[in-house]
Amino acid sequence: VIADPGVAPGAHSLVYKICEIGAPENCDQATVSVTVRLPYVIDAVDDTATSNTGKIAVANVLINDTYNGVRATTAVVRITTVSASHTGITLSAAGAVSVAPGTPVGPQTLVYRICEIASPSNCDDATVTVTVIPYVVDAVDDSGATTRAGGTAVVNVLANDKFGAGAAT
């Protein structure tokens, strides 16, 4: 027995009758009782993050989302992207939000939807706001000396420079 999506929550019954094909007068009937539950409450909650390009900004958007009062998981909800302010902001099926190289610096948004797998029309949307920041570039002055013309005064000018949290290369 399948309940139509428009059926009100609560107890419902259906009477059916079965008859023998060779003897149509040989019949019996029974009642099926069905309780239609209220849909589970799905709550997708907005997220914020700060990230450089080429990084994962949010490891899992479901961390603060709920399904029937408990943390939502991909076992019970499906995640899809509704829209994004830039193609460099993407959402994985597992819920990770990534910032691709080349994504403009500044605030970017991604709207996602979580829907109950068992009732695909039971959904909620949330927005992830990612502030994309540039990598810190720190070029440090260098000096060197050589004993003769044609010698090397500084072997590598990048040796003391930084790109992000690491060495510039």
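In this predicted model, a search of the whole structure turns up one salt bridge. Its partners are Arg 113 and Asp 125, whose closest N and O atoms lie 2.7 Å apart. Arg 113 belongs to strand S11 (residues 106-116) and Asp 125 to strand S12 (residues 123-132), so the pair ties together parts that are twelve residues apart in sequence. Arg 113 is partly exposed, at 31% relative accessibility, and Asp 125 is also partly exposed, at 32%. Side chains of opposite charge can pair when their charged atoms come close.

The covalent links come next. The structure contains two disulfides. With the bonded cysteines numbered in sequence order, the pairing runs 1-2, 3-4.

One of the disulfides joins Cys 19 to Cys 27, with an S to S distance of 2.0 Å. The link is right-handed, with 115° about the S-S bond. Cys 19 is partly exposed at 39% relative accessibility, and Cys 27 is partly exposed at 29%.

Cys 115 and Cys 123 form a disulfide as well, their sulfur atoms 2.0 Å apart. Here the torsion about the S-S bond is about 110°, so this disulfide is right-handed. Cys 115 has a relative accessible area of 13%; because buried means under 20%, Cys 115 counts as buried.

A backbone feature remains. Asn 68 has a phi near 55°, a positive value in a residue other than glycine. This residue sits in the loop between strand S6 (66-67) and strand S7 (70-71). Asn 68 is partly exposed, with 42% relative accessible area.

Technical notes. Residues numbered from 1 in each chain as written. Predicted model: local features only at pLDDT ≥ 70, side-chain atom pairs only at ≥ 80, totals over all residues. Heavy atoms only, no water. Salt bridge = Lys/Arg side-chain N within 4 Å of Asp/Glu carboxyl O. Helix = DSSP H or I, 4+ residues; strand = E, 2+ residues; numbered from the N terminus. Buried < 20%, exposed > 50% of the residue type's maximum accessible area, 1.4 Å probe, protein only. Disulfide = S-S within 2.5 Å.
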